[in-house]
Every structure is written in C-alpha cells, then in structure tokens.
Amino acid sequence: MAEVYEAYSLGLKIAGTAIPDPSSYAWKESDLDLSGERDTTGLLHREKVGTKRHAELSYDALSWETIGVIMSLTRPLETFEATLPEPGTGTPYTGTFYAGDRESKAILLAGAKTEWFGSLSFNLIEV
C-alpha cells in the first residue's frame, strides 16, 4: 500500500480543522483604499481603510480521502474561519475567508491495491 506523508507543522486550519501543509504556499497582502487621487503636483492622496490577506495553497500528492476532507471544508455557501501562517514569522493569522476555484487532478496508483491520490490547489481570500 502506498503511503503519503502529510505534515501539519504550519498550523493551517479551516473551520477549526487542521489541514496538511501544502507543497506550495503563496501569501499576499492587499491594501484597500476608499479613495485615491493625485493632485496637480502628482502627489497621491489616499484613504486606506484596511488590509486583506490572500493565500494560494497547492498540494502535489494527497490521499483521495484527504482531498475530500479539504474540499468539504471549503464548500460552505459563504464564508468560514481560517488560520494561516504569516510569512517570515510563522505567526498564525485567523480571519474570515472564502475559497476561490478549487482544482484537483486524480492519479491512479495500480499495484497490489489500486489507490487514488491526487493534486489539489485553491485560494483562500479574506472577506
């Protein structure tokens, strides 16, 4: 039987459930402005109202069962709480997120026991 090692050291959680560390993790912070205009000298006058996070998670090989668990956690009709590590510090950040498009590709491993594994990628976008 094939084994897939799933590490849980980053502290990722969706709706309070720990999920495995991804093969690839990208983090973005975006400033939100209420308004932003330049005056006649070119100086920018902006009214920043907040900062939002966006994470891209990509898994190269997960068990079919684990993909199902993660997919079910990201399927609420609207939003869910997620905890993500901030880059550099690893400090956990918890916020309200929704999942962008989720993509999974299946890989069939045939042998003594036929097993399905797969890749999974999705975005978590803070509301």
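Reader: Is W64 buried or exposed, or partly exposed?
Author: W64 is partly exposed, at a relative accessible area of 44%. Buried means under 20%, exposed over 50%, and partly exposed in between (1.4 Å probe, protein chains only). This is a predicted model, where local features need pLDDT of at least 70, side-chain atom pairs count only at pLDDT 80 or more, and totals for chains, interfaces and linings use all residues. Residues are numbered from 1 along each chain as its sequence is written, and side-chain values use heavy atoms, leaving out hydrogens and water.
Reader: OK, and how many aromatic pairs are there?
Author: Two. Rings of Phe, Tyr and Trp (its six-membered ring) pair if their centres lie within 6.5 Å; planes under 30 degrees apart are stacked, over 60 edge-to-face, the rest tilted. W27 and Y93 are edge-to-face, with 6.5 Å between centres and 80° between planes.
Reader: Where do W27 and Y93 sit?
Author: W27 is in strand 3 (residues 24-38) and Y93 in strand 6 (residues 92-99), so the pair ties together parts 66 residues apart in sequence. Strands (E, at least two residues) and helices (H or I, at least four) are DSSP runs, numbered from the N terminus. Both W27 and Y93 are buried.
Reader: And what does W64 pair with?
Author: W116, in a tilted pair: 5.8 Å centre to centre, 45° between the planes. W64 is in helix 1 (residues 64-73) and W116 in strand 8 (residues 115-126), 52 residues apart. W116 is partly exposed too, at 42%.
Reader: Switching topic, where's L77?
Author: L77 is in the loop between helix 1 and strand 5 (80-85), and L77 is exposed, at 88% relative accessible area.
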